[in-house]
Amino acid sequence: MLKDITIGQYIPGVSAVHNLDPRTKIICLVFYMVGLFLVNNALGYLFVTLFTIGIVFLSHISLMTILKGIRPLMIIILLTLSLHVFMTEGEIIWQWGFLKITWQGLRQGTFMALRLIYLVTITSLLTLTTTPLALTDGLERILKRLFVPLAHELAMMMTIALRFIPTLIEETEKIMKAQMARGADFESGGLLSRAKSLIPLLVPLFLSSFRRADELAMAMEARCYRGGENRTRMRQLVMSSADYLAFMIIFLFVMVTIYSRFW
Amino acid sequence: MPIILENVAHLYQPGSSYEVKALQEINLVIKEGEFVGLIGHTGSGKSTLVQHLNGLLKPTKGKVIVDDCQISAKKVNLKEIRKKVGLVFQYPEHQLFEETVFEDIAFGPKNLGLPPEQIEKRVKKALEMVHLDYEKYQAASPFLLSGGEKRRVAIAGVLAMEPKYLILDEPTAGLDPRGRDEILEQIKELHQQGMTVVLVSHSMDDVARLTQRLVVMHRNTIVFDEETRKVFSHYESLQEMGLDIPTVTKLMFRLKGKGWLVRQDVLTVEEAKKEILQVLKEARNHA
């Protein structure tokens, strides 16, 4: 059950996408999103679809893994789709009572749903192909370039949060089992009794999180951690020719999406 | 009626690329009134095995039968089984959550749907079993107690379910020697009062002192299941598994190695003293 959570999961591998510099990947992701929101017609979407499939193919990540990442968002996607399909005014092609489907709604809904699906696909591809460490490292460098204050601290917070997701899941399972051994029931009952049954789980979980945070802070201080001040890196990020190629491709991608608006 | 495990195997995340064999070919019978030790290296499958005994985990293969009731059967009442088989996890104090000791211990009996007067009776009894004074502790916050006290309150929380079988997973981990001795002494008393106890540990000294039967696990399966005294005669294979034998037993092995004719199946300091004196006396008589 809890083990199915895949947020921030990294799948090791050697592929053109894996090997890119994390900074390249983050910046390209931003440009991809810009391109994705620029397209507004079927031909444009066809182009984006092919481009997305191409990237997924290059990353050697199986389609199953990506679909698994989309599944939790299915409700939001379906909601967006149906809202657009039923709520857009225009040429009516089917009507039943106050419900009506318009040609424009169908078109708009499909585009929106595709947009969401591609957005999730590419974002999860970023975490699937980049180690959390590289990801935050890249983010820190980009934030610094943008003169964001506390760039290092923000990145460090993200690293720690990502690092402790599996630990937290493990801990939750352990406490759940311990309370189940005392007859606790997390699965049946109404909404209220179910919410109440979470107290024996949440209180110990909070306590252990605070304790762990305290211990971690102490351990970091004991090793003279004092934020980003004068901090150097053992592994420096270096851009290679592949990264420049990626920038060129994403530049072309954005150009084509702009052009597609005039088709 | 006993707990029976028949050819039990357990896989974590079967079918995926992360599949891990946690248990295989486990055959085990725990009879009523026994005091069984379960010992093995970290990762040998002890904790996984123990969670099968009250249905927290279900076997991927094989059968677990508690008092004639098969756990993996469809219409099994798991609450009933968890009432019968009390399981104290490692670091049980991490499960405390209520504002007072009373409320926390009452959590189990409340889940069983007992009336208030019965609950109070059980809480009193459970606190008594772990030698904590009811009047002094019942209104205290469990979070302000000392480590040893916290653990005893947590154990009382399981005892209040009045289980027939009590399983303890490393109940002494992280306690100071005095806290450890107290907990072990109380567990021994519980057994003398008629409870069936399974003690999971990796301290040979602890299990040697208390248990009658010892089950040794290695690489996800049971390698020895014998009378405690006999298990330690497999000194060499135990060492190969990275397990030690009790300090006194080791001493006897060393003495034997130096040519003394002592028995080696000795478990306590008292026994060792007697044996050594005996041998010394014989030696003097010969001379």
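Guide: Let me begin with a term: two residues are in contact if their C-beta atoms, placed from the backbone, lie within 7 Å. What you see is a predicted model, in which local features need pLDDT of at least 70 and side-chain atom pairs count only at pLDDT 80 or more, while totals for chains, interfaces and linings use all residues. Residues are numbered from 1 along each chain as its sequence is written, and chains are lettered from A and ligands numbered from 1 in the order in which they are written.

The part I will follow is chain B. Its mean pLDDT, where pLDDT is the predictor's confidence in each residue from 0 to 100, is 89, and 99% of its residues reach 70 or more. The model has an ipTM of 0.86 and a pTM of 0.77.

Let us take the overall form next. Chain B contains 12 helices and 10 strands, where helices (H or I, at least four residues) and strands (E, at least two) are DSSP runs numbered from the N terminus. Its radius of gyration, which is taken over C-alpha atoms, is 21 Å, close to the 19 Å that the globule rule (2.2 Å times the number of residues to the power 0.38) gives for 287 residues, so chain B is as compact as a globular protein of that length. Along the principal axes, the C-alpha atoms of chain B fill a box of roughly 75 × 50 × 35 Å. Of the contacts in chain B with a separation of 6 or more, 62% are between residues 24 or more positions apart.

A nonpolar core is a set of buried Ala, Val, Leu, Ile, Met, Phe, Trp, Tyr and Cys residues joined through C-beta atoms within 7 Å. The largest such core has 82 residues, and those with the most contacts inside it are B:Ile105, B:Ala156 and B:Ile167. Helix 6 (residues 147-159) of chain B gives the most to this core, with six residues. If we leave aside its neighbours within four places in sequence, B:Ile105 is in contact with several residues, including B:Val123, B:Leu127, B:Val153 and B:Ala156.

Now for the strands, which pair if DSSP finds at least two bridges between them. In chain B, an open sheet of four strands has the order 2-1-4-5, with antiparallel pairing. Strand 2 (20-30) and strand 5 (69-70) of chain B are its edge strands, each pairing on one side only. Strand 5 is joined to strand 4 (residues 61-66) of chain B by two bridges, the two strands running antiparallel, and here B:Ile65 stands opposite B:Gln70. Further along, six bridges join the antiparallel strand 9 (residues 213-218) and strand 10 (residues 221-227) of chain B, and B:Val216 has B:Phe224 in strand 10 as its bridge partner. These two strands form a hairpin with two residues between them, where B:Arg219 takes a positive phi near 45°.

Most residues other than glycine have a negative phi. Another positive value, near 45°, belongs to B:Tyr91, which lies in the loop between strand 6 (85-88) and helix 3 (101-111) of chain B. B:Tyr91 counts as partly exposed because it has 19 C-beta neighbours inside 10 Å. B:Glu170 has a positive phi near 50° and sits in the loop between strand 7 (165-169) and helix 7 (177-192) of chain B. With 19 other C-beta atoms within 10 Å, B:Glu170 is partly exposed. By contrast, B:Glu135, in helix 5 (residues 134-137) of chain B, is exposed because it has 8 other C-beta atoms within 10 Å.

Finally, turn to the partner chain. 21 residues of chain B are in contact with 15 residues of chain A. Helix 2 (78-84), helix 3 and helix 6 of chain B each supply at least two residues of the side that touches chain A. That side of chain B has 10 nonpolar residues (Ala, Val, Leu, Ile, Met, Phe, Trp, Tyr, Cys and Pro), three charged residues (Asp, Glu, Lys and Arg) and eight polar residues (the others, Gly among them).

Conventions. Buried ≥ 20, exposed ≤ 12 C-beta atoms within 10 Å, placed from the backbone.
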